[in-house]
Each structure stands twice: as structure tokens, then as C-alpha cells.
Amino acid sequence: MSGKTVTTTINGDAVEFVCGADETLLDTLRDRLGLTGSKEGCGTGDCGACSVVLDGRLVCSCLVLAAEVEGRTVETIEGMASGEELHPLQTKFIEHAALQCGICTPGFLVAAKSLLDRNPDPTETEVRYWLAGNLCRCTGYDKIVRAVMDAARELREAKNAA
Amino acid sequence: MPLDETLTNERKFKVVGTRPNRPDGIDKVTGRARYGADMTMPGMLWGMILRSPHAHARIKGIDASKALALSGVKAVVTAEDFEMRDDDLRDTLINVMARDKALYDGHTVAAVAATSKSIAKKALKLIEVDYDVLPAVVDENAAMAPDAPLLYDDMFTQGVDPAPTKPSNVANVLEFGHGDVEAGFAKADVVIERTFKTGATHQGYIEPHACVASYNPDGYAEMWVCTQGHFMIRDNCARLLGMDLSRLRVTASEIGGGFGGKTTVFIEPVALALSKKTGRPVKIVMSRDEVFRATGPTSSSTNRVKIGATKDGRIVAAEAELRYQGGPFAGSPVEWGAMTAFACYDLENVKTVGYDVVCNRPKQAAYRAPGAPMIAFGVESVMDDVAHELGMDPVDFRILNQAKEGTKSSYGPTYGPIGIAACLDALKHSDHYQSPVPEGCGRGTAVGFWFNFGGQTCVGLNVNEDGTVTIQLGTQDIGGSRASMCLMTAEALGIPYEDVRAVNADTSAIGFTETTEGSRTTFSSGMALIKAAGETTKKMCARAAKVWGIPEEAVEWVDGAARPAGDNAGKFDPMTFKEIAAIAHSTGGPIAGHSEINAENAGEGFAAHICDLKVDPETGFTEVVRYTVIQDAGKAVHPSYVEGQMQGAAAQGIGWALNEEYIYSEDGRLQNPGFLDYRIPVCSDLPMLETVIVEVPNPGHPFGVRGVGETSIVPPLGAIGNAVRNATGMRMLETPMSPPRLVAAFREAAKA
């Protein structure tokens, strides 16, 4: 079995790892790097639980080969809070009870942050369509959408105040 | 424990009913929470499962020699590694590992443990299984036909007299009801009878089943499992492998959804057997394909419903025949379907007959209010049709016939205080119902019932030296219940919510506790905690009495502090929970409470739903425009999570009604084992789901709590069917009411 050495940046840190040629980024994150916050719900890009941001683009890490991230930057759920300070999306998810079992939550947060980075003032419809690639079976999405809209409002207010 | 009427009548709750942040929130928004697949053990191997590609096949032989010769492969297990030790677990064991026959597409036939996932995957391809393919049957009606292929030549239908002399695929026939339905129908001015079909749906939890098992050479073992019941895992695994219960310690991971689907064993005994055989920890994680093919779905069903009423709107007779297939073993939830069918109504003459049918499909597992939504689809559809035929408003028709305190339920018991009247009243007065039906839409309403369960439950309550409290729970937290446990404990002790922390204890750290199912967790663990808190505050009063030098009976616990009971007891400043905790060491030692109960009187659950939707006649696409869920919670402990249960259940019911179903090929292979083709509702499919919490206190719980997890999956199928009828004029008789079915119905209607 021939391994491939990959040098990349994950959540701002330089990381080097050896992976199999057929290994997904999700497997590498979870099984080699201990970053188990990204979840595997389907392995076929249908559920979004493994969402990460690769060079600024929202992707399903189960559909990316680990070898593909050579020289690129990866952002995962583990990098969303800065130290003790949660990202407003994380706080709003807790406050709005936007999670029940929580397995889809990391993927939703990564996807929602990616939306708000592009569009700080999304409509409910825009939120719903952006998040349509993330499946949640517990909540019926109501409180998730409310949390994202509320976080967007708070982020806009913080920006305006600054 | 009876309702504490001083609390509910005078609304004295201090923390119960508030909406604090959940204690495990930060772990779950930062990716730190550890779920089933997130555990690794030293020296761990990867297990993988070989599954039958055939729906029905005799297994003539399994040759694993080539797999075992592959470098990195440490063991293969087959049925030979599982001795049939326990007749009670016969079906469970056969489902865990096929013995002489594969009974459905996806049935486990062998498993391998290897040093990596990729080696395990290669090894599966090297295991040779010699199959003799048999005719398969996957539909309940086809399975009941006289010439149907038989799954077993020794299945003789139970519950019929005289006992049949020929085997069949009907495991069981059962009947519920009272009165004389024939006499009732004879009095009716309007009788409507229709037959409905519902597709099999999957619980669709996002986390696939996962576990790690570690079996030591001394016969002790540990397991890490995503499950709704770690005691169930311990019981099943230990019995299947012939272990004492004390030798197996099971820790429940955080669980990524269950909805009933994680109340049994699948991969866990296999991982334990592989660990025993290799002497190393073994991890198995299912793929999504495996989850769909081999776990959980609920029954598909065919149900005939007949309701008769007089011109004044009174139902004079109601009857249903239910056929549920539950996969290859007896035990479909047809019994609960037959019991719940007419539970919302006050009926003089009612009869339900259920057929429990076996098929070459995966073994059904519980799914949220198991058995209830399918028959409710038929009953609530016919209820609307009878109302229309009578020229009555369907909601008024339901109110006229609703069950009430004192009603003899259709399944036997007489109701105590129940909430259906309050739900229907809230429905009529809701903003949604009061608003005009949007342009181009149809509006549908329906009601639903679920029993709710109690059961065996243990909790521990430890008072820490600083006056904070740790509670140990035996029930798994599946949707945020730690928060409600902390709230109820804080309420009962009179201390702040933030001072209580909850841990889910493993099977060696707390007494036997039943699985998180049947909407029982907040009800029964809450009741146990209130009892344990009462024991704790009694001990605290005794410590204060000791300090004050007065009799224990002269001290009472009020608002989180020990106080002299009345003027005769003496004049002392109250001693708070924290103050007594701080002097515990010098007044008699540690203070702790615990409680072991078998909770009864869970309090029935009722819900009423309203749906506005529009159907595109060209594409058959249905857009749910507005949806409101009204449900009786008894007492909502954490209203946000009660709303969450109502919304989540409604969303699952909407998926069931509109899109979700197992699709089989003629040879019995599942055609849509993935989220792309088995389509659960996505964010853009749904509107906001409005909620109205009704509170009719449950007299069987000190705080009035009723379970809330399941009831609201029951009404959506009927509510949507009725809305489709009102939008299009077409009565749909089959779920899902998917675009192809609606397009076909439009074409039929155009022809007619």
C-alpha cells in the first residue's frame, strides 16, 4: 500500500499527513488527525454532515480525496470558535434550541458560516436553499433557520457598530 | 407519584417552564461531543459486514479461506460463531447473523475484522457464499395470497380459531373494540369505507449505527455504542454471547438520532464476537446503504377503514382491518395500530382487526409512535369524507365525537383527564385556523393519539461539597433531555438550574433502566429525580435539625432552604442548600439521593394539526405553505425542546406523507438505499412549523408531565391527505402522495 504525503493548512495550522490514494478527506480528518467534529452521515454527499470549507468553498469532505488538499486550506468545525469565544452562529444555535441530537450541527454551522461570509443579510428563502444540502431529521429546520437569521442580524449589528 | 396540585393549580413553578441553554450545547456546537463513530481504542481493528444481495436465499455454504489469507485480516465470523442459547432472542440472533437462510436484501451473512477499513473492505469481496435463491415476497397483500412464497413452513397463524392446519405468512391476528359494529352501521345515515396503503419509511437518523467492542481474555468486556438503550445492548449482547451481565460494561455514546430505530441490536453482538475471536477491540460503523437495507424501517401497510354516522354528526360505528408487514419476523406494530386507530373518539361500537404479516424485507424497528401513523392516515381521511358527506365542518365533526374523561377507549381502558378537547379548541382558535386559506391552497386538519410509556428507571443525585448537584441518568439523552432533567431537579430542590449537571451513567454505574423510547424519558426519569430530590431535601432538613437541636419533624424544606416548621419549632434563620452542603462533613457525612421506580400512568398524548398546501397539477409537486402543530404536553418542562419534538415529529410525518418510501424491484431488492433517492424533507421543502403547546396536567406525574416525543408524527399523513383533497378534489389512498402518484391521479381525474 503506497501512502502519499500531504502538506496542508487546517484551521490555520500547518499539518502534514500520510494518506492512502483512495482515502477521503473526511476519513483523514476523523481517523488520522482526530478531528471527529466532521461527521459521516452518508458518504455520498447527500447529507452535509461532513461539510468543511476548502479554499473558501463549501464542500462535502466525504467527496474530496485527502490527497487533493495538498497546499490548500481547510476549515472545519473545530476551528470555528476562537479560543473560549464561540462564533455567534454557535451561540445562537444553543439559544434557539436549534439542535436536538446534534449530529448534523457541525455541518450546519460550517455551511451557515459559509453563507453568512458571502451574504450577511440572507432572506429566509435564501437560508433554506443554501442549507438544503444539510439534512436534519430532528428539528424540522424551523429553529435552525431562526438561529441562522438571528446570528446574521447580530453579526450585521456588530459590523455596523465597529 | 401523583400530581402535586399546589404546583400546577397555582402555577408556582420557578424554573420548570423556562428556556435555559442546554448543558451539552457547547460540546455539540464545537464538534467535541463524542458520538458512536468518534471512539477509538488502543490496538483497535475495523469490522465490516457482508450482506446478502438476495431477498430470500438458502445459504448452502460460506468459504472465508481467501479472506483469512489476506494480510491484515484477523478473523471472520458467521452464524457458526453464534450459539443459539436463548429462545427469547431467537429472532434477534437470526437478524444479527443469518443462519440457514438470508431473509432480506441486506441480511448479514458474515463479518470480518482487519487492521484497516480498506483491508476489511477487500476481505469482504473474498468471502464466497453459495446461495440457492428462493422466491421472495415484499408486499403484505401478496404475502397473504394463498399462493404466496412462504418464509417458513412452520408459521401457523396465532389468534384464529380453529387453529390453521396450513402454514402461512400471517404470524398473528388480533382484535380490539367494544359494542356491536353491525348494529351501529345499520343505524347510520352515512357510511364511508375505503382502503388505504402506506409505504415503509425509515427513521432516517443522520448518524449510522456505530460501536466499539473490547473483549478481554478474562471474560470481561466493554462496549461503546450509539443506542437508545445501553442496558438493552448489555442484555442482548451478554445473552447472545453467554456472558454474565456484570462482565459487560456498556457506555452509551452521544446519539445522532434514533426515533425508535436504535432500540435493538444489529452490529453490536457481531463486534463483540469479533473482539472475542481476535482478542482486540473491534469497531464497526455502518454505511448509509447498510442502514437503509438492514435496519429499522417501519411497516408498510394496507388498511380498510369504515365509519358510519347519523345525520346529526354522531359516529355510530367504526371499523378497521389492518395489514402490517414487519419484515421476516412476527412483531409488526399492527397491535398498536389496531389499538390507536380510533383512540381519539368516543365510540359506542368500534372494532379493529390486525394482521401481523411476514415478508422478505428488513426486520421492522420501532419508529416514533410505532404503528399509529399508518392507520391514522386512513381513519382521518375517512373522518373528513364523512364530515363532507354530512355537510359538516370536519373540525366540528371531530369535536362532536372526541374522546373525553370517562370515555371507554377503543383499546380498552377508560380515559382520565386527556387533552384532545383542549387541542381541538386551541386549533379552532389558532391564528392559522382563523386565517383565510391562501389562494390556490387546500387546508387539511387531523388529530392523533399516542399512549406514552413509563417503565423501569433509576437515577442518582449527588450533592457536591459546594452545593452544586450532579445527577446520574440511566436513560439516554436523545434530543436534549438533559436540560429538562436539570430543570426538574432544580425545581424540586429549589436551587438554580445552573447548579445541576447531568451525566449519562454507564451500565455499571447505575441500576437497570429501560431504553429511551415511548416518550418515557422526561416523564419517568423526571419522576425518579423528583423522588430522589425529595429524599435529598429530607436529609438536608435532618442536618439542619441537628444543628438547631430540634426534632427532624420540626423542619421543612421551602424555596431551597430548611426552615423551622411553624413558630413552635423555634426561631432560626433558614439554612440554604449550599450552607447545608458545606457542613455535610461535620453533620453526618455526604448527602446523596437516588431513586429506582417503575413509572406508571404516563398520561395519553393527543395532537391536532393544520396544513395549508398547494399541488402543481403539471408536476405533482406539493408545497406545504403553512403548518401548525398543536399538542398536549401536560406540563412543558423546557418549552423550546417540547416545540422541537412537535416540529420534528411533524416534519417526519410530512416526509412520510409526501415523499418517503422503500421502493423494491420485483426480485425484492431495495432500489433506493440512500438519501438521494429516499428523500427526507430538506430545509427548502418546509415552511416554519408553528406550534401551540396545550397543558392538561397528567395526574400521574408530580409536575403534570406527559411524554411529547411521538404523538405529532401521527396526524400529518391525514392532515396532508385532507389538504390535498381540499386543494384538488382528489382523495389520495396511498402514501407517499409523491409527484408521480399525484400526476397519475390528476390524469385519472381528467379521464373521469
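Biologist: Where do the elements of a chain come from?

Modeller: Helices (at least four residues) and strands (at least two) are DSSP runs, numbered from the N terminus. This model is predicted. From its N terminus on, chain A runs β-β-α-β-β-β-α-α-α-α, which comes to 5 helices and 5 strands.

Biologist: How compact is chain A for 162 residues, and why?

Modeller: The globule rule gives 15 Å for 162 residues, and the radius of gyration of chain A is 16 Å, close to that value, so chain A is as compact as a globular protein of that length. Its C-alpha trace spans about 50 × 35 × 25 Å along the principal axes.

Biologist: Which residues of α2(A) are buried?

Modeller: A residue counts as buried if 20 or more other C-beta atoms lie within 10 Å of its own. In α2(A) this holds for A:P88, A:L89, A:Q90, A:T91, A:K92, A:F93, A:I94 and A:E95. Helix α2 of chain A is largely enclosed by the rest of the structure, because 8 of its 8 residues are buried. In chain A as a whole, 56% of the residues count as buried.

Biologist: What covers the buried residues of α2(A)?

Modeller: The cover includes α3 (105–118) and α5 (142–161) of chain A, together with α2 of chain B.

Biologist: How many residues does the contact take from each chain?

Modeller: Chain A gives 44 residues and chain B gives 42 residues. On the side of chain B that touches chain A, α2 (25–30) and α20 (639–658) each supply at least two residues.

Note on methods:
Residues are numbered from 1 along each chain as its sequence is written. Chains are lettered from A and ligands numbered from 1 in the order in which they are written. This is a predicted model: local features need pLDDT of at least 70, side-chain atom pairs count only at pLDDT 80 or more; totals for chains, interfaces and linings use all residues. Two residues are in contact if their C-beta atoms, placed from the backbone, lie within 7 Å. A residue is buried if 20 or more other C-beta atoms lie within 10 Å of its own, exposed if 12 or fewer, and partly exposed in between; C-beta atoms are placed from the backbone. The radius of gyration is taken over C-alpha atoms; the globule rule is 2.2 Å times the number of residues to the power 0.38.
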